[in-house]
Amino acid sequence: MEDFYFFSNGEYNDKGDTVEIIGIRGKRIIELATLNIPTSPGFIFSNKVVRDLPKETGTAWPILEEPFKRMGQAFGKYFGDPKNPLLVKVLESPMLNIVNTQSIHNVGLCDTTVEGFASFVGEAFAYHEYNYLLRHIIKLELEISSTVEKARLDKLKAFQKALDAAKTKAATIAAIAKFRGAFPEAVYSGAYEQLMYVINLFRTVIETNPTSEDSALLIQTMVYGNFNDKSCSGDFFTHDIITGENALMGDFFTQAFDASSKGGKPIAKINPPILKRLVEIGKQLETKFKEIRRVRFTVENGELWIIDQQPAANKSTQAEIKSLLDFFAGGIVDEKYVINAIKPGRLSEILHPTLDPRSVSKFPKVTGGIAGSVGAAIGKVYFSTAELLKAYRIATQKNEDADFILAMKSTYAEDVKAIEVARGVLASEGGYASHAPVVARSLGKVALVYPGIEFKKDTMVIGGKTVKEGDYITLNVPYYEDPAIYGGKGTLMKPTPENSGLLELLELIQKHIGAFDVHANADQPKDAALAKLFKAQGIGLCRTEHMFFNEERILKFRSMIIADSIEERQKILDDLKKDQVKDFYEMLKIMGSLPVTIRLLDAPLHEFLPHTKDGYTEFTAYMQKRKKGITAAQIQERCNLLAEVNPMLGHRGVRVAISYPEIYNMQIRAIFEAAYRLKKEGIEVHPEIMIPVVMTATEIKIIRNGKKIEGKSLVGLRDIEESVRKEFGFEEPIDYQVGSMIELPAAALHAGEIAQYAEFFSFGTNDLTQTTSGLSRDDFNNFFSDYNEFDLLPQNPFKVLGDGVKEMIKIASNRGRLVRPDITLGLCGEHGAEPENIPFAQATGLNYVSCSPYGIPIAKLAIAQLNIGKAQS
């Protein structure tokens, strides 16, 4: 084993056994040296050499002499020289990437060399660095002082305090004079003895500290950016870490020791020859590491030295994507590398605003909660839909700040209009799959469920802080970190898909997708347009109930629900049909030849009715304008009659179609009118009509074929299609399919029979999780943490599919394929956007997963990574 491992630019030892014993910092230095990057020379002692090195200067110097001579030759100055001393830093180089490692700078600065150093950098700085050196020697000794007598510890602490208070040359000299006996005299008077004292301190660290027991020791020449007027210091990123622009991002500081000084200038304004070399170095580092790097540098007397380089922390997803695309264009990486380098969840940053952490660094905050929809949102907080909408109208009329956040215990259908205009929604009840997060994801809004909120009149208390209605708050809901709520107005960074590199990345991803792909959960034409932009291969779920949440439609829809007679209900439905035809026409036209799965009305009817005093007041006023003589009490009574104890398992989905067939008939007719209108315009479309909450094959059979009983009949979907087709003058039907949502265990078990009447299955995994596991998505968070703590529910079952739900999907898929081998199988719950569920869905033989438009790139990236992994294995 060698005594030391010397390095400088172009000179290094990178043999396998050497790299294993020089530690993390040593490896980083060697990485620079291998690229012939200007590296301040130095050397590394292995752990064994440090332990075995003689403790006395005289006997250790024969080992130290050669590397110090070579270091001095590079600068034309020598260690211990009183006129122009070479100074070094001594650093621990641990085997693992430990954050807080030990280092001591300016070793060699003592009474005999400080004035010579001052002749170059000035007395103030020279004595500041001498002070700094002594303080850090004391700091290190205090940290390893378990065997030191108390009297000495007290003396060291007093010396440290005096040095901390010493801000001038005179004060530093006075502090040293007063406490000179704290160290051997040679520490102040001899550079070599001082160096040996420091090395022995690090030896003690290695021998006594378990986390340092295998560390190496790195000794490197110090360079100073304040050496003279040809000197500077700075740091930069090799790409812009916010925008991803292919340009250096950073600052330099003229005649400054390091980049902590004030008054920095943009790196682009540095001396052109230095800038050119920095750009070259940046490219070298990116080529080697295939990522953005952060580089610290010093120019001493016109000579450039790279101090350190490391991965760029806190780079935005946009910067990561655009830099990888640049590397791909430059031939540094291939497309598989680009795809595998990005964590799927990070793509959420591209699709939602992200928080500038500097803007909230001094704000009070609470952390935790359940991330319902990722991103960041800033706005004035309001505690009801009515108050938020009122504030929104006033703000828009006055052209004032219209950024708002809705905060409530939980939300309902009537609150969708507030979520739509708000930047985000904060709830205290529910979970990932509850109403507020689901709606927020569909609208591209931020959502957080934080159970610790106490709502009072016009205030909420969170984390012991009272927030008044109208106060600004900032929500930060990242994908991989804990959510946070800040008291105050932060600032956002708002990337867009078009300039973020995401669309170019999707082009690469699509090459590795294959037959199993991603569809979109899209309820509005704008959702469909975004889904197509993200290369969705169809719409896997259009929730038609969401189409009625619009402020202009919800009141009309409510009046239909409480209508006195079929005739009155039909009249309102005829009016609503115009809206439905328009919706379906636009969505089918946007998707063109791609399939569009339209789920007929699913939500319990009572969910559409008002739940608040303000909601009832508004609905009553609406009804009294349209129906003379009706009283508020009568309206309340009719709404109460529709209330259910357990609506999730109550009057919803196909059950509504049996009780009120005119509702489904209107929707089916609207779908076919839109489809045949487009056919007449020469546009190919493929509507798929999905029946929800199916228990048995008989239910879907009746919806498809109709049924007559004595005094009553149900018109079948087939008959409605034929009627509309004749109205448009076509002989042949369009290519349409009818399918079933599988969201009940009964449906999964009867999948073989259901497949006789269904050309496709779509697994509604939110409800299938509830009904299979007996978990309420709105209430299970009350005990989830307890179950999670004991590994009874290791993961949120509304994000990651549980084993029981997986078994139901397998059973239904196998039984469905036995009856109808070409049946199409999809998964349309929000589980589809969770990368952990992708391998199961693909292995089970599903054709696609469907998720909100903002989840499409995430799911596609996860699929591509899975396929690449399979191909390489």
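Does glutamate 320 count as buried or exposed, and at what relative accessibility? In this predicted model, glutamate 320 counts as buried, because its relative accessibility is 11% and the limit for that class is under 20%. The protein chain has 873 residues, of which 57% count as buried. The points below begin with the chain as a whole and then turn to one helix, to aromatic rings and to charged side chains.

**The chain as a whole**

- The secondary structure of the protein chain comprises 35 helices and 35 strands.
- Among contacts in the protein chain with a separation of 6 or more, 69% join residues 24 or more positions apart.

- Helix H8 covers residues 169–178, and its buried residues are Thr172, Ala175 and Ile176.
- These three residues lie on the same side of H8, because they cover an arc of only 100° around the axis.
- An α-helix has 3.6 residues a turn, so residues three or four places apart point the same way.
- Ala170, Ala177 and Lys178 are exposed on the other side of H8.
- The cover over the buried residues of H8 includes helix H6 (123–143), helix H7 (150–165) and helix H9 (185–189).

**Aromatic rings**

- The structure contains 28 aromatic pairs.
- One of these pairs joins phenylalanine 68 and phenylalanine 79, whose ring centres are 4.7 Å apart; the pair is classed as tilted because the planes meet at 55°.
- Phenylalanine 68 belongs to helix H4 (residues 57–75) and phenylalanine 79 to strand E3 (residues 78–79), so this pair ties together parts that are 11 residues apart in sequence.
- Phenylalanine 68 counts as buried at 4% relative accessibility, and phenylalanine 79 is buried with a relative accessible area of 6%.
- Tyrosine 382 and phenylalanine 404 form an edge-to-face pair, with 5.6 Å from centre to centre and 65° between the planes.
- This second pair links distant parts of the chain, since tyrosine 382 is in strand E16 (residues 375–382) and phenylalanine 404 is in strand E17 (residues 404–408), 22 residues apart.
- Tyrosine 382 and phenylalanine 404 are both buried.
- Phe68 and Phe79 also belong to a cluster linked by ring pairs, together with Phe4, Phe43, Phe45, Trp61 and Tyr192.

**Charges over rings**

- Arginine 677 lies over the face of tyrosine 585, 3.9 Å from the ring centre.
- Lysine 799 places its charged end over the ring of tyrosine 432, at 5.3 Å from the centre of that ring.

**Salt bridges**

- Side chains of opposite charge can pair when their charged atoms come close.
- The whole structure holds 44 salt bridges.
- Lysine 48 and aspartate 52 form one of them, with their closest N and O atoms 2.7 Å apart.
- Both partners, lysine 48 and aspartate 52, lie in helix H3 (residues 47–52), where they are 4 residues apart, or about one turn of the helix.
- Aspartate 235 and arginine 294 form another salt bridge, in which the closest N and O atoms are 2.7 Å apart.
- This bridge links distant parts of the chain: aspartate 235 is in strand E8 (residues 232–237) and arginine 294 in strand E11 (residues 293–300), 59 residues apart.
- Aspartate 235 is buried, with a relative accessible area of 15%, whereas arginine 294 is partly exposed at 33%.
- Glutamate 320, the residue of the opening question, meets arginine 346 in a salt bridge of 2.6 Å, N to O.
- Glutamate 320 lies in helix H12 (residues 317–329) and arginine 346 in the loop between helix H13 (335–341) and helix H14 (348–351), so the bridge ties together parts that are 26 residues apart in sequence.
- Arginine 346 counts as buried at 17% relative accessibility, and glutamate 320 counts as buried at 11%.
- Salt bridges that share partners join Glu545, Arg599, Asp602, Arg652, Glu743 and Asp767 into one network.

Key. Residues are numbered from 1 along each chain as its sequence is written. This is a predicted model: local features need pLDDT of at least 70, side-chain atom pairs count only at pLDDT 80 or more; totals for chains, interfaces and linings use all residues. Side-chain values use heavy atoms; hydrogens and water are left out. Buried means under 20% relative accessible area, exposed over 50%, partly exposed in between (1.4 Å probe, protein chains only). Helices (H or I, at least four residues) and strands (E, at least two) are DSSP runs, numbered from the N terminus. The arc is that of the directions from the helix axis to the C-beta atoms. Contact means heavy atoms within 4.5 Å. Rings of Phe, Tyr and Trp (its six-membered ring) pair if their centres lie within 6.5 Å; planes under 30 degrees apart count as stacked, over 60 as edge-to-face and the rest as tilted. A charge sits over a ring if NZ of Lys or CZ of Arg is within 6 Å of the ring centre and within 35 degrees of the ring normal. A salt bridge is a side-chain nitrogen of Lys or Arg within 4 Å of a carboxyl oxygen of Asp or Glu.
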